[in-house]
Amino acid sequence: MSDTMFPKREERVPYGGGKPVRGGRSDRSGKGNEKRTDKRAEKRGGRREQPEPQKKRIRKGGRKPDRKVLYLIGIAAVLLIVFLMVRKNGSAVFLNEEQVGILKGRDITAEELTTTLESQLESIVGSKVKINEEIRVDGVHIGSRNEKDVCTMEHLLPKMRNMVTYKVDAAVITVDGGRAVVLASQALADSVLEQLKTELLPDGGIPEDAKVEWVENVQVVNEFVDSEEILSPEDATAVLKSTTEVTQSYTVQSGDALYLIAQEFKTTVEKLLELNPGEDLKKGIRVGQVINVPVQKPKISVKTIETQVLTAVEPKTYQTQYDDTKPSSYQKVIQQGKAGQKKSTIQITRINGVVTEEKEVSKEIIQEAIPEIIVKGTQ
């Protein structure tokens, strides 16, 4: 085999090495290797490959980004994610402490829900209503845990109508400051009072100018009450006409006896003895003595005050004159007396049709009475 097929010994390069074997003519810079590489490149393609230049990283703006900026951007991204996970994007609706549903968004308020519910209930009941429960709206985050509780307003309102309790605006008749009966409206209350007043007036009627008033302080006030308290007009009238037993004083008159007083006040002698423990009524009663008697007091009473103008006789008076020159048997009328005439205005007070007081409030003399003068002897 010819020596031309292999490089000379001194030109050989170990495998993987970049330097010629010791003793070669190639310098330390490796130029000999470059020549051989160029020759091999010429054999392959006839042209020499240029070494690829080293790529340099090019940053926008020509500068490396600030580490503080990157840190702040990272924090902002984390905060945004946390905000999206916990932000309150829904409204939880409560009746007292019970949650009844969740609405999307935060644009509903407890006042708006209360007003809407009361308006719907008023259209059903026919009167103003006031919800007893407290309606509260709290902001919540709608997530996977509570998504099943999310509903629409069309679903929530009927549910709440069936759950709430409420009071109804009604007319309350009070007697001496106490609540007597409750009716559905002011008109019904006024009607009941007018009917009761008519029934308690005297059977014969009263003059048109008579004054009619309640004995007690009777008023009609509007209140929100439970619907169970409202009575029908018939039941309300029966309650107002009912009576309770109370005690009042009675002054013994001439001709009275204990059993007669018991009959007058529709009670028994035993009841009178019970009401007067300090009085020994068994031994008898005396004129002018004040004792306790039971009476049935209606819950409400009508007092009528009427005036009557009467023409009455003013009786004549008598005057006596004495004459010591005449015997004691002497008597003579020296002036004939004559009755006069007067016009009296009488005020009559009745309670539930029974006269309780009658008095003269004014008097006008139409004709003066003439006194009759009598002379008597004194000897």
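Tutor: Start with helix 6, residues 233-241, whose buried residues are Ala236, Thr237 and Leu240. Buried means under 20% relative accessible area, exposed over 50%, partly exposed in between (1.4 Å probe, protein chains only). Helices (H or I, at least four residues) and strands (E, at least two) are DSSP runs, numbered from the N terminus.

Tutor: This is a predicted model: local features need pLDDT of at least 70, side-chain atom pairs count only at pLDDT 80 or more, and totals for chains, interfaces and linings use all residues. Residues are numbered from 1 along each chain as its sequence is written, and side-chain values use heavy atoms, leaving out hydrogens and water.

Student: Why do the buried residues of helix 6 line one face?

Tutor: An α-helix has 3.6 residues a turn, so residues three or four places apart point the same way. Seen down the axis of helix 6, the buried residues fall within an arc of 100° (directions from the axis to the C-beta atoms), so they line one face.

Student: What do the buried residues of helix 6 pack against?

Tutor: They pack against strand 5 (166-175), strand 6 (178-183) and helix 5 (186-200). Contact means heavy atoms within 4.5 Å.

Student: How do I read a positive phi?

Tutor: Most residues other than glycine have a negative phi. Lys266 is not a glycine, yet has a positive phi of about 55°. Lys266 sits in the loop between helix 7 (258-264) and helix 8 (269-275).

Student: Is Lys266 buried or exposed?

Tutor: Lys266 counts as exposed, at 79% relative accessibility.
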